[in-house]
Amino acid sequence: MILQEQNDKRCGTYIFNNEDHTLGNLLRTVLSGHPEVDFVGYSIPHPSESKMNLRLQTLTKDSNEVLN
């Protein structure tokens, strides 16, 4: 699931089902080295839920492009 601002495509929250810290830490590490990334972070909302939220903010490009 992708939650992206309507008027600003540089910010997005991506919800990954059935994922945990393994994917979250990997994506955070790889994306933080991208020159277009302003902020990237992830969270696990609750230990009993198998969800991982990734927040991505870019400088000029669409956050979907950078994530892909």
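Before anything else, the cut-off I need: a residue is buried when its relative accessible area is under 20%. I also keep in mind that this is a predicted model.

**Strand S2.** I checked burial along residues 11-17 and found five of the seven residues buried, so S2 is largely enclosed by the rest of the structure. Then I looked up its pairing with S4, residues 51-58: the two strands run antiparallel and seven bridges join them.

**Helix H1.** I compared length with expectation for residues 21-32. Which residues of H1 are buried? I get Gly24, Leu27 and Leu31. They cover an arc of only 70° around the axis, so they sit on the same side of H1. The face turned away from that side carries Thr22, Leu26 and Val30, which are exposed. I also looked up what the buried residues of H1 pack against, and got S2, S3 (37-43), S4 and helix H2 (63-67).

**Salt bridges.** How many salt bridges does the count come to? The answer is two. In one, the side chains of Asp8 and Arg10 meet at 2.9 Å, N to O; I have Arg10 down as partly exposed at 35% relative accessibility. Lys51 and Glu49 also meet through their side chains, at 3.8 Å, N to O. Lys51 is partly exposed at 31%, and Glu49 is partly exposed at 35%.

Technical notes: Residues are numbered from 1 along each chain as its sequence is written. This is a predicted model: local features need pLDDT of at least 70, side-chain atom pairs count only at pLDDT 80 or more; totals for chains, interfaces and linings use all residues. Side-chain values use heavy atoms; hydrogens and water are left out. Buried means under 20% relative accessible area, exposed over 50%, partly exposed in between (1.4 Å probe, protein chains only). Helices (H or I, at least four residues) and strands (E, at least two) are DSSP runs, numbered from the N terminus. Two strands pair if DSSP finds at least two bridges between them. A salt bridge is a side-chain nitrogen of Lys or Arg within 4 Å of a carboxyl oxygen of Asp or Glu. The arc is that of the directions from the helix axis to the C-beta atoms. Contact means heavy atoms within 4.5 Å.
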